[in-house]
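Subject: Structure handover

Hello,

Here is the structure I said I would pass on. My notes on its cavities and on the contact between its chains follow below.

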Amino acid sequence: MCKQTVIELTVNNHPGVMSHICGLFARRAYNVEGIACMPVNGGGRSMIWLLVNADQRLDQMIKQVDKLEDVLAVGRHDSGHEVFDKMAEFVG
Amino acid sequence: MKLSGAEIIIKLLERQGVETIAGIPGGANLPLYDALSHSSIRHILTRHEQGAGFIAQGMARVSGQPAVFFATSGPGATNTLTAIADAKLDSIPIICITGQVPLAMIGTDAFQEVDTYGLSVPITKHNYLVRSVDELLHVIPDAFRIAVSGRPGPVVIDVPKDVQTAMLDFEAWPEPGGRTAGPELMAPELSHAARMIDEAERPILYLGGGVIQSGSSEQALALAERASIPCAFTLMGLGIMPMDHPLCMGMLGMHGARHTNLALERCDLLIAVGVRFDDRATGKVPGFCPNARVIHMDIDPSELDKIKNAHASVTGDVADSLKGLFSLVERADRGAWLDEVAALKRDHPMIIPNGDDPCSPYGIILRAAELAGEDAIVCTDVGQHQMRTAQAYPFSHPRQWLTSGGLGTMGFGMPAAIGAALAAPDRMVLCFTGDGSIMMNIQDLATAMEHDVNVKIILTNNNALGLVRQQQDLFYGKRYFASDYARRVDFVKIAEGFGIRAWDLGTSGDPGAMLAEAMAQPGPCLIHVPISPDEPVYPMVPPGAANSEMIGGEANV
């Protein structure tokens with residue numbers, strides 16, 4: 001299995017943000033394996049976690065995500081993130 | 001104070017210093033136009049929204065300032081997309097403000113409804129769908145800040161009709177949005193780069209549009225002269241240095257001169273500044289500067305290591321980086337390397353066939369340049385005429401050269417030339433175009449006529465899609481298909497029908513004199529130059545090949 005990593009984003013919470021982020025991945029044919037998103041700070045911002053395969057394009061993807069106006073911070077968890085461990089319980 | 005959304009937009013644009021807006025009204029942006037009618041801002045009514053977008057681009061490319069254009073919802077918005085995508089690829093700061101159906105009707109397939117926000121996501125630097133009137137107070141200044149800060153680019157603001165008519169009571173105007181400072185330079189990055197330059201025996205500066213965007217042409221020239229570094233330019237970088245400067249090697253890449261591509265093959269250090277290693281510039285990447293270490297300087301971190309891994313990268317405004325490097329790099333004369341470059345230039349020069357015949361594809365460019373003088377702005381469409389102008393025109397300063405580089409949009413030239421003339425009314429604008437390209441925005445000849453802009457359109461007509469035909473000639477066994485037009489149109493009559501003076505060099509006994517006469521008249525004109533379809537642009541690197549594998553353009557054959 002391909003090595004996976006989790007990208008953690010802090011973003012402005014409005015209806016277009018998800019399409020900006022997903023569009024970046026989609027137009028480079030870079031599959032997003034898992035997504036979780038929750039509002040923080042009373043709803044003005046959101047946290048998004050993206051579970052992706054760590055191929056050679058990942059650094060370029062992270063730079064592109066970081067350029068988005070509505071993305072305020074980008075983090076990376078190479079050893080996974082428990083949000084996806086919990087979600088995995090739902091899909092068995 | 002209490003104002004409508006439309007009035008707030010117009011007032012904010014005035015406060016940003018906007019003087020001219022191109023566009024077309026329609027149902028969904030009429031409140032905006034009603035507010036514009038009370039403004040000091042001049043409106044340029046175009047015949048197609050793509051024309052409005054390229055007029056904005058022409059203004060922005062000449063001035064370096066963001067330019068604004070308007071379109072209505074639905075077809076108005078979709079018509080703008082090509083001009084916006086073009087601005088994205090060439091990093092041009094334009095702001096497109098579109099009307100949208102009222103908020104409650106969004107998503108109902110209302111009349112003239114299209115998802116402008118969704119359509120513009122991949123072709124803008126940023127975009128907005130404004131959902132309440134109070135958002136305008138930060139969206140408009142933010143749009144200007146985003147368009148010009150860092151790596152410039154286009155911004156779309158989609159404003160539903162009821163947001164335009166909604167009233168807002170507010171206390172104070174926001175500050176206009178402007179360019180924010182680039183990222184701080186890292187001193188170790190810079191000194192590492194300087195050391196590499198000092199150690200290099202055969203360095204080349206590879207300079208692109210980023211140098212022009214950052215207003216740092218002088219710094220690039222100063223660095224080149226201090227360390228005796230020959231310079232190669234991307235299509236977007238032409239004008240950074242006068243073409244007759246001893247260190248200038250002209251354009252590199254697919255239609256670059258032989259000596260330029262051969263020198264790059266030989267260099268041991270490539271100093272890439274404000275460039276993005278576009279495939280038309282590099283050819284096959286492993287074959288591009290195969291013997292060189294690479295320094296890459298750019299304001300956009302995502303360009304670094306994207307195509308070619310750099311041995312040293314400098315993130316930041318290249319104006320700052322070049323200034324910093326200048327004081328760190330040692331003076332050098334590099335006599336042996338400059339001799340080698342000069343020998344390459346002597347043995348493999350740029351061949352300009354029939355340069356002294358004003359009815360030849362290159363000759364018309366050179367003669368028009370002579371007549372227009374150094375101060376002229378030069379605009380092109382896309383195709384053979386564009387590559388010939390890039391190869392042969394004696395550019396002398398930055399922002400003199402306007403061309404669609406990244407997207408390669410046929411139809412760019414004439415409306416962009418109108419925009420250039422509006423932004424610089426006291427300069428002559430040359431617009432080199434072809435019969436294929438001009439037809440893609442011919443309607444805005446009417447706009448050129450109405451505003452009496454000083455645009456001299458020089459149309460080389462081979463009744464064909466020349467570069468397509470050239471590829472069929474070279475790579476598809478001369479099977480010319482769908483690249484020759486079956487019948488001819490009369491461009492002289494077309495121009496005259498639009499109320500524009502036209503001259504046909506093909507019917508003249510003294511074409512040189514006719515050209516001079518045409519260019520001496522005020523206002524717009526069209527100069528028609530019939531040429532053969534069988535005149536390829538050489539040299540040419542086949543798509544996918546290394547830049548050393550050039551076809552044609554050889555001396556002594």
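Which helix of chain A gives the most to the lining of the largest cavity? In this predicted model, that is helix 1 (residues 17–26), with 3 residues.

Cavities

The whole structure was searched for cavities of 30 Å³ or more, and 2 were found. The largest has a volume of about 50 Å³. Its lining draws on both chains, with Val17(A), His20(A), Ile21(A), Leu68(A), Glu69(A), Asp70(A) and Val71(A) on one side of the list and Lys125(B) and His126(B) on the other. By class, these are 4 nonpolar, 2 polar and 3 charged residues.

The second largest cavity holds about 30 Å³ of space. Residues of chain B line it, including Pro361(B), Phe432(B) and Thr460(B). Helix 15 (363–372) and helix 16 (384–392) of chain B each supply at least two residues of that lining.

Contact between the chains

Chain A puts 13 residues into the contact and chain B 15. Together they bury about 1,100 Å², 49% of it on carbon and sulfur atoms. Of the area that chain A buries against chain B, 46% comes from His20(A), Lys63(A) and Glu69(A), more than from any other three residues.

There are 2 salt bridges between the chains. One of them joins Lys67(A) to Asp300(B), with the closest N and O atoms 2.6 Å apart. On the side of chain A that touches chain B, helix 1 and helix 2 (58–67) of chain A each give two or more residues. Helix 2 of chain A has the largest share, 4 residues. By class, that side of chain A has 2 nonpolar, 6 polar and 5 charged residues.

Regards

Terms used
Residues are numbered from 1 along each chain as its sequence is written. Chains are lettered from A and ligands numbered from 1 in the order in which they are written. This is a predicted model: local features need pLDDT of at least 70, side-chain atom pairs count only at pLDDT 80 or more; totals for chains, interfaces and linings use all residues. Side-chain values use heavy atoms; hydrogens and water are left out. On a 1 Å grid over the protein atoms alone, a cavity is a set of points where a 1.4 Å probe fits but cannot get out, and a pocket is an open set with protein on both sides within 12 Å along at least five of seven lines; lining residues have an atom within 4 Å of a point. Grid points are joined across faces, edges and corners, and a volume is the space filled by probe spheres set on the points. Ala, Val, Leu, Ile, Met, Phe, Trp, Tyr, Cys and Pro count as nonpolar, Asp, Glu, Lys and Arg as charged, and the others, Gly among them, as polar. Contact means heavy atoms within 4.5 Å. Buried area is the accessible area (1.4 Å probe) that two parts lose on being put together, summed over both. A salt bridge is a side-chain nitrogen of Lys or Arg within 4 Å of a carboxyl oxygen of Asp or Glu.
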